[in-house]
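Thanks for coming. Please have the sequence and the model open, and I will walk through a few contacts and then the packing.

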Amino acid sequence: MASVHESLYFNPMMTNGVVHANVFGIKDWVTPYKIAVLVLLSEMGRAGGSAIGLLERRRLNQLLLPLLQGPDMTLTRLHKAIDESCPQLANSVQIRIKLMAEGELKDMEQFFDDLSDSFSGTDPEVHKTSVVGLFLRHMILAYNKLSFSQVYKLYTALQEYFQNAEKKAAAEEAEMDMTSPEGQLLGTMEREELDVPSRDEEISCSGPLSQKQAEYFLSQQASLLKNDETKALTPASLQKELNNLLKFNPDFAEAHYLSYLNSLRVQDVFSSTHSLLHYFDRLILTGAESKSNGDEGYGRSLRYAALNLAALHCRFGHYQQAELALQEAIRIAQESNDHVCLQHCLSWLYILEQKRSDSCVLLEHSVKKAVHFGLPVRRLAAPEAEGPSLCHISAPSWTGAVAASMYLASLGIQSLVQQRAFAGKTANKLMDALKDSDLLHWKHSLSELIDISIAQKTAIWRLYGRSTMALQQAQTLLSMNSLEALNLGVQQNNTESFAVVLCHLAELHAEQGCLAAASEVLEHLKERFPPNSQHAQLWMLCEQKIQFGRAMNDGKYHVADSLVTGITALNSIEGVYRKAIVLQAQNQMSEAHKLLQKLLVQCQKMKNTEMVISVLLAVAELYWRASCHTIALPVLLQALALSREYRLQYLASETVLSLAFSQALNILHMAIEPILADGAVLDKGRAMFLVAKCQVASAASYEPQKKVEALESAILNLNEAKGYFAKVDCKEQIRDVLYLQARLYHMLGKAQERNRCAMLFRQLHQELPSRGVPLVSHF
C-alpha cells in the first residue's frame, strides 16, 4: 500500500521520480479516513437535531476537532470513537461506508456531488467559514483536482480500508467463539493468519500527513513534552512518527526540533546534536527566519544555533565544547548588536564560569543589564557565594527584548538569592528580594517563574532548618493551578519546580517517621516523571537516600552499602559521604576516617558548607567511638562556628547536641527547643535520649530522695525517646534505650520492669549486629 500512497498523494509533485522537498505545498488531500469523516458529517446533517440528543451532539462536537486535525486512523478505531459518543450514528456511518465500498465507483462520485448541497439554501446545514465548512470545501476541492486514475486508486484504497476493518472484526469474533476443543487446537494458526490483515491495516493508514495534520501533531506533542510528558508518545514511538514525517519532507524544520527534544528525553547526545543542527540548517534553507525577521533572519539563526548548541553541550557536561560554541554566539551577537542574545550568552557564561571559579560578577552584571530594557530591579546586593543557575533556553522563542530581559532578570534574581542563602544571609532579606520579583511574576502571569520562586523558598527554609515553613511552601505550590492556558486537557505538572518540591515533601515525611506517606509521594513522582524523563534523577536520588536511611536505622548495613553505588551515580558527594557512614557503622574506623578527610578537602574547595558541617560531625563521631573526646571538641566547635556563620540553624542544633555528648546538661537547652520544633523524628529521639543520659549523670551527686526523682524523670524521657525511634523503626537506638532503662529499673529496685526491658533488649541484640564500643558506655 505504500506505493498506492505515493502515487495517490505525490504524483503532482514528482519530477523524474523524485519527490519535491516542499511536500506541504498541497494543504490537504482526500484519504479513505477523511471520506469516513465526511460520511460522519453527512450523517450528522441528515439526522438533524431531533434524532440526536443534546448530550450526544455535544459529545460529537467535542470529537470532531481531533478527528479533523489529527492523523488518519483505522476504521475500527474511528467506529469505536463514534460509538462512544453516539451508538446510533456509529451504525449509520458503518452502513453508509459499507454501501459505498461494496458498490461502484459512481457511488463515491455521487457522495461528493451531494456534499455541495450542504452549503445551499437560505439556511444551510454548514456555514462556509466554519471549521467543518472549511474542511468540507478543502475536501471537495482536493477531490475535484484528482485525475481519473487517482480517483480510481482512491476508491480502491477505500475498499481496502473497509475490508481491513471487516477482517479485524471477524478476527475478534473468531477469538471469542473459539471455545470448542477443535477451535482451541487451531487457535494459534488462525490467529497468525488473522494478524496479517491487521498489520496491513495499520500500514494502509500510515501514509503522509497533510500540512495541517503535521502541524497539529507537532504542536500537540511539543505541548505534552513541556507540560505533561507522561501523556506524550514514548520516545521510540515519537521518533518513529517523526522519521516517517521527515521521510516525505526532509526539510520540515519543526520536525527536526521536536526530534531534538525527544532525543534529550533519553539523553542521546549524538542524535540531539544532529537534530538541532538540522533544525537550524533547514530554518535557514527554507527562509522561515528571513520572512519573519527580514534580512536579519539569517544571522539570527546562526547565533541562536551556536547558543543552543552551547546549552546542549553544557547540559551533557561538555564544558569545553560549550565554551567554544558560546564564544561563537557572542561574536555573532556582537556583530549584529543583539542585546537579547548577548544576555542569554551572559547567563550561560555564568553557568560555565561557576564550574571553575567565582562568577558572582557575571551574575550581578546579567541582572543589572535588565535595567537598560526597562525592567525595575530593586533591593539586590552583590552576591557573595556561588550557586547553580536555573536559567535554560531551548529555542529562540522570545520576540521582544523586554520580555526576554524580564525572564532572564527573574532567573538571575533567583540565582542571586540562592547564592546569598549559601553565603549565610538572613531569611528575611532573601524573602524580601523574592517578594519584589514575585510582584512582577504575578503581574505578567509568568507561571513558570512563580513555580520556581516557590520551589526556591521551599529549599531555603529547608536549608535553614525550618521544616514547618518548608512544608507550607511546598503545599502552596502543589495546590496552585497553572496560569498558562493549556490545551489537550493537561496540567503544567512536570516542571522541575514540582519535582523539587515533591522530593522535599517526601524527605520531610520520611524525617517525621511517616514512611508510608513518603512512599506514596515517591510513587506519585514516578508516575508524573517517568524514568526516561528529564527530571527523573531528582526522585531517584531522593528515593535512594530515604531507603539508605531506613536500612541504617534497621541495622541492615549490607543493604545500605548496596545503595551507596546508586547514590554515587546520581551525586558523587552524597555517595562518598554515605559510604563513610556505612564504614563507620561497620567499625571500619580507619577507612571511614580517610574517606571523610578526602571528602572534607573536596567540599571545602567546592564551598559546599552544608556538606562540610556534616562531614565534621561524622569525624567527631569517629573520635567519640574511640573515646577521644578532647580531639572531637575542636572539630565540633569548628562545625558550630560554620553553622552559625551561615545561619544553618538545624545543623547548628545538631552540632550543639553533639557537643552535649562531650560536655554536660547545662548547654543542652541551647539545642533541645529547635530540635523538638523543626527536627526530624530521629533527631528528636536522640535529643531526649541525651537528656535522659545527662539526668542520670547529674543524679550521681544528688541526695537519695532527689536521686530517685531524677532517675524516674530519666525513665520518662527514655520512653519518649523510644517512641520517636519506633516511628522510624530505628532498632539500634531502641536497643540502647532498653539497655539504659533496664539499668535504671535495677537501680530503683523494680525487678519486673527491669526483666521486661532486659528481655526486649536481648531480642534486639540477637537480631542486630553488635558495635565495637557501645554508645551507652560513654556516659
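Start with lysine 526 and glutamate 523, whose side chains meet in a salt bridge at 3.7 Å, N to O. This is a predicted model, so please hear every value as computed from it. Both residues belong to helix H25, residues 515–528, and they are 3 residues apart, about one turn of the helix. An α-helix has 3.6 residues a turn, so residues three or four places apart point the same way.

Lysine 526 has another partner. Its side chain meets that of glutamate 543 in a salt bridge of 2.6 Å, N to O. Glutamate 543 sits in helix H26, residues 536–553, and lysine 526 in helix H25, so this pair ties together parts that are 17 residues apart in sequence. Glutamate 543 counts as buried, at 15% relative accessibility.

Next, aspartate 338 and arginine 303. Their side chains form a salt bridge of 2.8 Å, N to O. Which parts of the chain does this pair link? Aspartate 338 is in the loop between helix H17 (319–336) and helix H18 (339–353), while arginine 303 is in helix H16 (residues 297–315), 35 residues away. Aspartate 338 is buried, at 13% relative accessible area. Arginine 303 is buried too, at 2%.

The structure holds 18 salt bridges. Some join into a network, which links Arg462, Glu507, Glu511 and Lys545.

Now the packing. The largest nonpolar core has 48 residues, and Ile35, Met108 and Phe112 touch the most other members. Helices that each supply at least two residues include H2 (32–51), H6 (105–115) and H8 (148–177). Which helix gives the most to this core? That is H2, with 9 residues.

Look at phenylalanine 112. Leaving aside residues up to four places away in sequence, phenylalanine 112 touches Val30, Ile35, Leu38, Met139 and Tyr143. There is also a second, separate core of 47 residues, including Ala427, Ala580, Leu600 and Ala618.

Last, helix H6. Its buried residues are Leu105, Met108, Phe111, Phe112 and Leu115. Where do they sit around the axis? They cover an arc of only 120°, which puts them on the same side of H6. In soluble globular proteins, nonpolar side chains tend to be buried together.

Conventions:
Residues are numbered from 1 along each chain as its sequence is written. This is a predicted model: local features need pLDDT of at least 70, side-chain atom pairs count only at pLDDT 80 or more; totals for chains, interfaces and linings use all residues. Side-chain values use heavy atoms; hydrogens and water are left out. A nonpolar core is a set of buried Ala, Val, Leu, Ile, Met, Phe, Trp, Tyr and Cys residues joined through side-chain atoms within 4.5 Å. Buried means under 20% relative accessible area, exposed over 50%, partly exposed in between (1.4 Å probe, protein chains only). Helices (H or I, at least four residues) and strands (E, at least two) are DSSP runs, numbered from the N terminus. Contact means heavy atoms within 4.5 Å. The arc is that of the directions from the helix axis to the C-beta atoms. A salt bridge is a side-chain nitrogen of Lys or Arg within 4 Å of a carboxyl oxygen of Asp or Glu.
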